[in-house]
Amino acid sequence: MQKRLEPQFVEFVPETLDPSTLYVSMTYGTASHLCCCGCGLKVVTPLTPTDWSLWFDGDTVSLSPSIGNWDQPCRSHYVIERNKVVPYRPCTEEEIAASRMARSAARARYFGTEKPPTVTETAVRPTGWWTNLMRAARDVWKNLLG
């Protein structure tokens, strides 16, 4: 597992990526790196109000929210905080579904979408704090729909 990523601000992300570098293109609003688990997957995070945020303190970078490669064989999950890669536990299918629903709600809220995306009853069965997240997402939908 990669333990650190050093930021490199570029206009274009190179074709071949160094595993210890986080390439940040402000021109194209992306941060790119190789998956920190070592699988070699190229991870591209769009820097937008509804996707990821990047903080640069003049020396280190942080990227939020966490990176969840849920659709990839490695299923790695980690966050980048002040250049350090902090591994997180793998997410359950229910947590992944809840996270996707929350992102959809954020996009709908930001872009003023009239109709929220649908999620099947079987896709989301959150428990604990995910239940609270789902309730918050439901409340957002109610507010959007009037």
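Where does Asn69 lie? Asn69 is found in the loop between strand 6 and strand 7, and the legends below take this loop together with other parts of the chain. The structure is a predicted model, in which local features need pLDDT of at least 70 and side-chain atom pairs count only at pLDDT 80 or more, while totals for chains, interfaces and linings use all residues. Residues are numbered from 1 along each chain as its sequence is written, and side-chain values use heavy atoms, with hydrogens and water left out.

**Figure 1. Overview of the helices and strands.** The protein has two helices and eight strands, where helices (H or I, at least four residues) and strands (E, at least two) are DSSP runs numbered from the N terminus. Along the sequence these elements follow the pattern β-β-β-β-β-β-β-β-α-α. Of the 146 residues in the protein, 36% are buried, a word that means under 20% relative accessible area, with exposed being over 50% and partly exposed in between (1.4 Å probe, protein chains only).

**Figure 2. The surroundings of Asn69.** With a relative accessibility of 8%, Asn69 counts as buried. Its side chain makes a polar contact with the side chain of Ser76 (2.9 Å); a polar contact is a pair of N or O atoms within 3.5 Å, of which, within protein, one must be able to donate a hydrogen and the other to accept it, and residues adjacent in sequence count only if both atoms are side-chain atoms. When neighbours within four places in sequence are left aside, Asn69 is in contact with residues including Cys35, Leu41, Val43 and Tyr78, contact meaning heavy atoms within 4.5 Å.

**Figure 3. Strand 7 and its two partners.** Strand 7 (residues 77-81) is mostly covered, since four of its five residues are buried. Strand 6 and strand 7 run antiparallel and are joined by three bridges, and two strands pair if DSSP finds at least two bridges between them. Strand 7 is also joined, by four bridges and again in an antiparallel sense, to strand 8 (residues 84-87). Tyr78 in strand 7 stands opposite Ile67, and Tyr78 also stands opposite Pro87 in strand 8. Two residues lie between the strands in the hairpin of strand 7 and strand 8, where Arg82 takes a positive phi near 50°.

**Figure 4. Asp51 and its arginine contacts.** Asp51 lies in the loop between strand 4 and strand 5 (53-56), and Asp51 is buried, with a relative accessible area of 15%. The side chain of Asp51 makes polar contacts with the side chain of Arg103 (2.4 Å) and with the side chain of Arg107 (2.6 Å). Asp51 and Pro65 are 14 residues apart in sequence, yet their C-alpha atoms are 8.0 Å apart in space.

**Figure 5. The largest pocket.** The largest pocket has a volume of about 680 Å³. A pocket is found on a 1 Å grid over the protein atoms alone, as an open set of points where a 1.4 Å probe fits, with protein on both sides within 12 Å along at least five of seven lines, and lining residues have an atom within 4 Å of a point. Of the 30 residues that line this pocket, the closest to its centre are Trp52, Ser66, Trp70, Ser99 and Arg103. Helix 1 gives the most to the lining, with seven residues.

Note on methods. Grid points are joined across faces, edges and corners, and a volume is the space filled by probe spheres set on the points.
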